[in-house]
Amino acid sequence: MSHVPLPDVEKLVADALRDEAPAGLIMRWRVEEDVDWWGEPSLSLRLDVRRDRSPEYTPDFSFRLAERVRRGLAHAGDERELHSFPRFPEREAVE
Amino acid sequence: VIDAVEWLLHARSLVGHDSPTSTDTRRSISASYYAVFHSVSDSAASFVAGGGDAGQVRLIRRSLNHERLRLVSRETLKHVPGRELAPFWPSGGFGDQLRRLSQAVLDLQEFRHAADYDPAMSVDAETARVVNDLAASAMEELASAPSRERELWLLLVLLRPPGRA
């Protein structure tokens with residue numbers, strides 16, 4: 001299985017977030033090359049989400065994000081799964 | 001009786017008060033995954049042994065395992081399934097409900113493993129509530145999937161065609 005280089009993955013994620021995330025919902029994010037619990041290569045997306053808007057972080061949003069990135073990766077023969085891990089930090093902690 | 005809805009209610013109750021502990025949030029995430037796992041297992045038992053006795057239902061429910069559920073969920077999300085499952089795959093793949101369920105299964109498994117075993121995982125109650133919602137949504141997707149499609153998916157989760165190690 002070929003793996004898309006991390007900067008290209010980051011571009012895919014940035015594009016997906018730009019198109020799919022409600023404006024201003026995601027304060028910061030980073031994507032990491034990871035290994036899932038089953039020992040297979042995966043991608044972990046760490047998202048800091050605005051705590052006061054947590055209801056906007058929905059299963060539908062999470063699914064569309066994963067679908068977008070999956071399509072982009074699959075196009076390059078990369079079958080890794082992207083798992084999103086949201087956090088909802090207090091505003092003071094991230095400003 | 002293992003009631004999937006009760007597991008979800010339990011998951012919500014653990015973080016549904018003012019000051020949940022870190023154990024509450026971890027157990028809530030774990031119970032969210034198990035709500036979905038038991039929902040799939042219950043659905044499979046209803047389909048395969050719906051008219052059967054308690055022993056048959058038990059056999060089906062005990063046959064579901066996490067690794068197989070993961071494998072079928074992963075394949076469901078691919079555009080082209082692997083060789084093992086391709087001969088049994090619906091033309092055009094599975095529809096939106098089962099794709100959403102599959103994504104939720106994969107995400108919930110990762111959350112659950114981290115919540116149960118990873119001391120470095122930092123998780124607050126808001127994250128646990130999002131995971132509760134993800135599980136609730138997954139259970140609705142399973143229930144609302146077209147019945148023939150759901151039945152095939154459940155069979156693929158339960159049965160392992162020959163030829164795979």
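Asp48(A) is a buried residue, with a relative accessible area of 6%. The threshold for burial is under 20%. The residue belongs to strand β2 of chain A, which covers residues 41-49. The side chain of Asp48(A) makes a polar contact with the side chain of Arg87(A). The distance in this pair is 2.9 Å. These values come from a predicted model.

Confidence was examined for the complex and for chain B. The predictor assigns the complex an ipTM of 0.89. The corresponding pTM is 0.93. The mean pLDDT of chain B is 94. A score of at least 70 is reached by 98% of the residues in chain B. Helix α1 of chain B (residues 4-14) has the highest confidence in the chain, at 98. Helix α3 of chain B (residues 54-63) has the lowest, at a mean of 93. In general, coordinates predicted with low pLDDT should not be read in detail.

Chain B contains seven helices and zero strands. Its order along the sequence is therefore α-α-α-α-α-α-α, and chain B is as compact as a globular protein of its length, because its radius of gyration of 16 Å is close to the 15 Å that the globule rule gives for 165 residues. The C-alpha trace of chain B spans about 50 × 35 × 30 Å along its principal axes. Of the 165 residues in chain B, 53% are buried.

Ala45(B) gives a local view of chain B. This residue sits in helix α2 of chain B, which runs over residues 22-49. Ala45(B) counts as buried because its relative accessibility is 3%, and the limit for burial is under 20%. Which residues are in contact with Ala45(B), leaving aside neighbours within four places in sequence? They are Gly50(B), Val57(B), Ile60(B) and Arg61(B). Leu59(B) lies 14 residues from Ala45(B) along the chain. The C-alpha atoms of Ala45(B) and Leu59(B) are separated by 8.4 Å.

Key. Residues numbered from 1 in each chain as written. Chains lettered and ligands numbered in written order. Predicted model: local features only at pLDDT ≥ 70, side-chain atom pairs only at ≥ 80, totals over all residues. Heavy atoms only, no water. pLDDT = per-residue confidence, 0-100. Helix = DSSP H or I, 4+ residues; strand = E, 2+ residues; numbered from the N terminus. Buried < 20%, exposed > 50% of the residue type's maximum accessible area, 1.4 Å probe, protein only. Contact = heavy atoms within 4.5 Å. Polar contact = N/O pair within 3.5 Å; in protein donor to acceptor, adjacent residues only side chain to side chain. Rg over C-alpha atoms; globule rule 2.2 N^0.38 Å.
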